[in-house]
Amino acid sequence: MNKPLRRASIFSLLLVLALLVWATYVQLARGDSLRDNTHNSRVAISQYAGPLGDILVGGKPVTGSAATDGNLKYKRTYTDGKLWAPITGYASQSYGSTQLEALDRQVLDGSDSRLKNPLEAVTRERSKPGDVITTINPAVQKAAYEGLGNKTGAAVALDPTTGAVLGLASTPSYDPGSFAGSSTKDQKAWLALQKDKKQPMLNRALRQTYPPGSTFKVLVAAAALENGLYSSVDEPTKSPDPYRLPGTVTDMHNENRSAPCKNATIRTALEYSCNTVFAKMAVDLGQSKVAAQAEKLGFDDSKLDIPVRAAKSIYPSGMDDSQTALSGMGQFDVTATPLQMAMVTSAIANDGKLMTPYEVDRTTDGTASALDRSQAKTYSEAMSKHTASELQSAMRTVVDQGTGTNAKIPGVTVGGKTGTAQHGENNSANPYAWFISYADAGNGHKVAVAVVVEDSDAARADISGGGLAGPIAKSMMKAALADTGS
């Protein structure tokens with residue numbers, strides 16, 4: 001063999017070897033990522049080759065499938081899509097999937113290996129799809145959604161004893177079915193949602209953080225009791241009124257300047273929402289102790305999955321004393337999701353034990369057989385039973401005779417805390433209205449709720465946590481306890 005031919009043969013052999021190495025790498029190292037890539041048309045063709053399994057609420061499916069023309073033979077359909085979108089997310093032939101539709105995709109499209117019978121395992125045929133059973137209480141969800149109405153906001157309800165999510169609403173909402181297909185109409189619906197300044201596709205209950213305002217005061221009170229700063233909610237505090245912010249010449253006043261906030265007890269300070277008391281309390285504790293309490297309740301957790309991941313709620317670090325004072329009333333750079341504030345209330349209602357939130361009870365093979373089932377898990381021992389009992393009592397006073405009277409439910413023990421959080425530069429925008437609460441039917445049935453109203457039709461002077469968010473929380477609590485005879 002002459003020299004040029006030998007060189008050409010060696011070069012060709014190297015090319016073949018390189019091709020074999022690359023093919024092996026693609027199949028072994030990148031096979032899964034390529035197979036699951038949303039831009040791989042085979043993924044969509046396979047996923048929508050047959051009807052999808054369903055997401056169920058209260059034993060009834062809120063999703064379905066409809067036959068279409070073309071390569072994608074079926075598309076996802078939704079019943080009352082706007083109501084359930086914060087739970088289901090969307091499954092679109094053109095734009096992929098989110099939330100439960102994405103996280104449980106293999107169960108819903110039948111590709112999960114646990115769904116295969118022995119014959120399907122050999123033939124590699126797609127199995128009958130499975131279903132996702134949620135923890136959501138339909139009555140609670142409807143109460144939250146209808147209560148929020150045309151307001152911008154969110155609401156969350158938890159079972160304090162298990163962590164089960166009973167309701168999770170966000171408004172304005174969207175209909176996932178409007179862009180579930182691949183037609184021009186679907187594309188226009190998607191583009192309209194992307195351009196909507198009200199961001200209807202933002203899950204405000206899980207993914208939006210807000211300054212929690214005065215609702216954060218219950219956490220500061222918990223830190224004060226846990227660290228022995230005060231022994232009970234009825235012990236007078238050392239709280240001047242007005243309170244000079246440390247290192248400044250600025251005096252902090254209370255919204256109601258005639259309120260009995262000077263040296264007030266924690267009970268009275270929560271009842272009248274005394275800024276001065278909790279600002280001073282945060283400084284007396286120091287930011288590290290407040291931060292430790294906040295972390296026990298879920299703040300600064302960047303991996304909180306229910307199984308949809310929640311945004312991280314933040315208690316800031318590196319503050320000076322004046323900033324720490326502002327943090328004590330839920331301002332400065334403190335931010336929280338509605339889920340987070342529901343967790344705070346849940347721990348108080350559950351005698352100090354915080355349960356990990358979850359919204360999927362189980363996945364099934366499409367029959368009664370469960371593929372996996374959620375188990376109640378303790379997130380943390382957030383506070384002592386004594387501290388929780390003290391705060392339960394003080395929060396009841398808020399509802400019985402304070403700023404939270406709109407949440408009263410006859411025959412039910414209800415505790416709460418209102419909040420009106422500043423918003424915008426120099427508080428120029430309408431404030432956020434908060435209400436957190438718990439209800440105890442006295443027969444082992446409890447519910448914890450957090451509601452935030454971000455924007456409403458109300459005049460600025462009429463915006464308050466008790467006035468706007470309190471009635472929504474009340475309707476959610478009543479719905480949650482309705483099946484207990486309360």
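First, some ground rules. You're looking at a predicted model, where local features need pLDDT of at least 70 and side-chain atom pairs count only at pLDDT 80 or more, while totals for chains, interfaces and linings use all residues. Residues are numbered from 1 along each chain as its sequence is written, and side-chain values use heavy atoms, with hydrogens and water left out.

**Stop 1: the disulfide**

Select Cys261 and Cys274, which are joined by a disulfide with an S to S distance of 2.0 Å. To count as a disulfide, a pair of cysteine sulfur atoms has to be within 2.5 Å. Searching the whole structure turns up one disulfide. The pair links distant parts of the chain, 13 residues apart: Cys261 is in the loop between β11 (251–252) and α12 (266–272), and Cys274 is in the loop between α12 and α13 (275–285). Those labels come from DSSP runs numbered from the N terminus: helices are H or I with at least four residues, strands are E with at least two.

Are the two cysteines buried or exposed? Cys261 is buried at 1% relative accessible area, and Cys274 is buried at 0%. (Buried means under 20% relative accessible area, exposed means over 50%, and partly exposed is in between, using a 1.4 Å probe and protein chains only.)

**Stop 2: salt bridges**

Side chains of opposite charge can pair when their charged atoms come close. A salt bridge here is a side-chain nitrogen of Lys or Arg within 4 Å of a carboxyl oxygen of Asp or Glu. How many salt bridges does a search of the whole structure find? It finds 12, and we'll visit some of them.

- Pick Arg204 and Glu454: their closest N and O atoms are 3.2 Å apart. This pair links distant parts of the chain, with Arg204 in helix α10 (residues 204–207) and Glu454 in strand β18 (residues 446–455), 250 residues apart. Arg204 is buried, at 3%.
- Lys280 is buried at 17%, whereas Asp284 is partly exposed at 35%.
- Now go to Asp361 and Arg373, where the closest N and O atoms are 3.9 Å apart. Asp361 is in strand β13 (residues 360–364) and Arg373 in strand β14 (residues 370–373), so the pair ties together parts 12 residues apart in sequence. Arg373 is partly exposed, at 47%.
- Finally, select Asp54, Arg76 and Glu101 together: a network of salt bridges links them.

**Stop 3: one glutamine**

Click on Gln106 in helix α6 (residues 105–109). Gln106 is partly exposed, at 40% relative accessibility. Setting aside neighbours within four places in sequence, Gln106 is in contact (heavy atoms within 4.5 Å) with Ser111, Asp112 and Leu115. Now find Gly53: Gln106 and Gly53 are 53 residues apart in sequence, and 9.7 Å apart in space from C-alpha to C-alpha.

**Stop 4: two helices**

Show helix α11 (residues 217–226) alongside α13: they pack at about 45 degrees, with axes 10 Å apart. Where do they meet? Residues including Val220 and Ala224 in α11 meet a set in α13 that includes Phe278 and Leu285.

How values were computed. Axes fitted to C-alpha atoms, helices over the stretch in contact; angles between N-to-C directions.
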